[in-house]
Amino acid sequence: PSVADGKVFIIDHVGAEDIVRAISLADGSDVWQYRYDDLTKHNYGYSRATPVYAAGKLYTVSFLGKVHCINAENGQMVWMRDMRGEFGGKMPTWGYAMSALIDGDKVIICPGGSSTAVVALNAANGQTIWQGGGSDVPGYATPVKATIQGTEQYVVFAAKALIGVDANTGQRLWRYGWETKYDVNAATPIVSGDAIFITSGYGHGCAIIQINEGGPVRIWENREVMAHFNSPVYLGGVFFANSDPGFLVCLNPSNGATLWKQQGFGKGGLLAVDGTIIAMNGRDGDVVMVEATHTGYHELGRISPLRGKDQNWTAPIVADGKLLVRNKEAMACLALK
């Protein structure tokens, strides 16, 4: 989910239609719905992209690569682009999963076609500003805006590589090969200065990649964190991450050493707020509050607000003093104050 203007935005699905829903944060009632045709049979679910709100508009990405801009007040479509049909995009095995990145007046998407690894669209009308970034097939991670070596760029975790693309021209600036089984590079990269932390599952691991004037250089690489798809958190100088086969891990960025790890977290997502980690157990749906410290695992409490005993994979979010958690069957809004 995402939250703005007192509304919770999700992409739901019924039959052969995605349903973008705006839900009242106050009471859970529907404010509006917007429907379009998409996947007919589930593939570990349907759309996995988070709806992105900016300047009164909502931007969504479907499993099959349809990018919609919707009026966030009334649910009316503003424009739509098709990443496969218009840009020759090569849809990955489990569908397009990255969210759109809004950068000022640009919407950044990753079709993954010939010379369309990355495309910048006009946020107001959907027209193409530039296309480029090479021809890497998409991964599943959302692009990240960063300034590296003095150049504004988009860091993109593609199917077989981490790439940097000039934010103004679309020119690919650098590429670092990173091939994971089934091409599942899904966790959002974390950029700090000229260093980038990446992690993948299927036994691959994690690494810090330094972007120098001459190109990318690996600082270290190991298997202490193997995040299948949920993104790590960088807080207080350390990483907190979900890692296969079901650990919550605290990692030292300087050398990749594990500071502590705790089992029992499945493939759930996590967030950090007010010096606290809130993490989901992806197997049974437990929501766990953990002290955000590198000194050890200090659990502060747990609850089980959701039905369902499997695939509680959606990352939790916090907005307006409320915690929102979601799985395939239900969504719950919990008061944190």
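Q311 is buried, at a relative accessible area of 13% (buried means under 20%, with a 1.4 Å probe and protein chains only). This residue sits in the loop between β28 (299–303) and β29 (317–319); strands are DSSP runs of E, at least two residues, numbered from the N terminus. The model is predicted, and local features need pLDDT of at least 70, while totals for linings use all residues. Residues are numbered from 1 along each chain.

Phi of Q311 is near 55 degrees, a positive value in a residue other than glycine. Y44, in the loop between β4 (30–37) and β5 (52–54), also has phi near 55 degrees. Between D244 and P245 the peptide bond is cis, with omega about 5 degrees; P245 belongs to the loop between β22 (238–243) and β23 (247–251). Most residues other than glycine have a negative phi, and most peptide bonds are trans.

A pocket is an open set of points on a 1 Å grid where a 1.4 Å probe fits, with protein on both sides within 12 Å along at least five of seven lines; lining residues have an atom within 4 Å of a point.

| Pocket | Volume | Lining by class |
|---|---|---|
| Largest | about 1600 Å³ | 28 nonpolar, 16 polar, 6 charged |

Of the 50 residues lining the largest pocket, R48, N230, W313, T314 and A315 lie nearest its centre. β2 (7–14) supplies the largest share of that lining, 4 residues. The second largest pocket has 19 lining residues, with I10, I23, A330, M331 and A332 closest to its centre.

How values were computed: Predicted model: local features only at pLDDT ≥ 70, side-chain atom pairs only at ≥ 80, totals over all residues. Heavy atoms only, no water. Buried < 20%, exposed > 50% of the residue type's maximum accessible area, 1.4 Å probe, protein only. Points joined across faces, edges and corners; volume = space filled by probe spheres on them. Nonpolar A, V, L, I, M, F, W, Y, C, P; charged D, E, K, R; others polar.
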